[in-house]
Amino acid sequence: QVQLVESGGGLVQAGGSLRLSCASSGRTFNTYAVGWFRQAPGKEREFVSAISSGGSRIYYADSVKGRFTISRDNAKNTVYLQMNSLKPEDSAVYYCAAAPFPAVNSGTYDYWGQGTQVTVSS
């Protein structure tokens, strides 16, 4: 089992920034791709970004390209999502998840964090 712990969510004004962290204590963490998903009330879970185990392959949803940056520090067993120029429509619960390879399909991911709330005010 891969245990994922998320942090960094909170309340921010539109145009502001947040950095989300997804940390794991598992020694196999560095072999997993990690994806970020978000889910707003009344909406389906949405792909945000993903990164391969070594960090060389990175994917973003069109809605966040140019604003969000995914990265990982395998020495710290942590994946980050830097979110800049935040918009109210970015408000959601953000989840990180681990998979054998990066993918946009949530079904690809075997392990999920608990989610962290991001609220962007106008």
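**Core.** I began with the largest nonpolar core, which has 34 residues. Leu4, Trp36, Phe68, Val79, Leu81, Met83 and Tyr94 touch the most other members. For my own reference, a nonpolar core is a set of buried Ala, Val, Leu, Ile, Met, Phe, Trp, Tyr and Cys residues joined through side-chain atoms within 4.5 Å. Buried means under 20% relative accessible area, exposed means over 50%, and partly exposed lies in between (1.4 Å probe, protein chains only). I then listed the elements that give two or more residues to this core: β3 (18-24), β4 (33-39), β5 (46-51), β7 (68-73), β8 (78-83), β9 and β11. β9 gives the most, with six residues. Strands here are DSSP runs (E, at least two residues), numbered from the N terminus.

**Source.** This is a predicted model, in which local features need pLDDT of at least 70 and side-chain atom pairs count only at pLDDT 80 or more, while totals for chains, interfaces and linings use all residues. Residues are numbered from 1 along each chain as its sequence is written, and side-chain values use heavy atoms, with hydrogens and water left out.

**Open sheet.** I traced four strands that form an open sheet in the order β1-β3-β8-β7, with antiparallel pairing. Two strands pair if DSSP finds at least two bridges between them. β1 (4-7) and β7 are the edge strands, each pairing on one side only. Neighbouring strands of this sheet are turned by 15° against each other on average, direction ignored; the axes are lines fitted to C-alpha atoms, and angles run from 0 to 180 degrees between N-to-C directions. Between β1 and β3 I found four bridges, and Glu6 has Cys22 in β3 as its bridge partner.

**Disulfide.** Where does Cys22 lead next? A disulfide joins Cys22 to Cys96, with S to S 2.1 Å; the cut-off for such a sulfur pair is within 2.5 Å. Cys22 lies in β3 and Cys96 in β9, so the pair ties together parts that are 74 residues apart in sequence. The torsion about the S-S bond is about 70°, so the disulfide is right-handed. Cys22 is buried at 0% relative accessible area, and Cys96 is buried at 0% too.

**Strand β11.** Last I checked β11 (residues 116-121), where Thr116, Val118 and Val120 form the covered face, and Gln117, Thr119 and Ser121 the uncovered one. Side chains in a regular strand alternate between the two faces of the sheet. β2 (residues 10-13) pairs with β11 in the parallel sense over four bridges, and Leu11 has Thr119 as its partner. β9 (residues 92-99) pairs with β11 in the antiparallel sense over three bridges, and Val93 has Gln117 as its partner.
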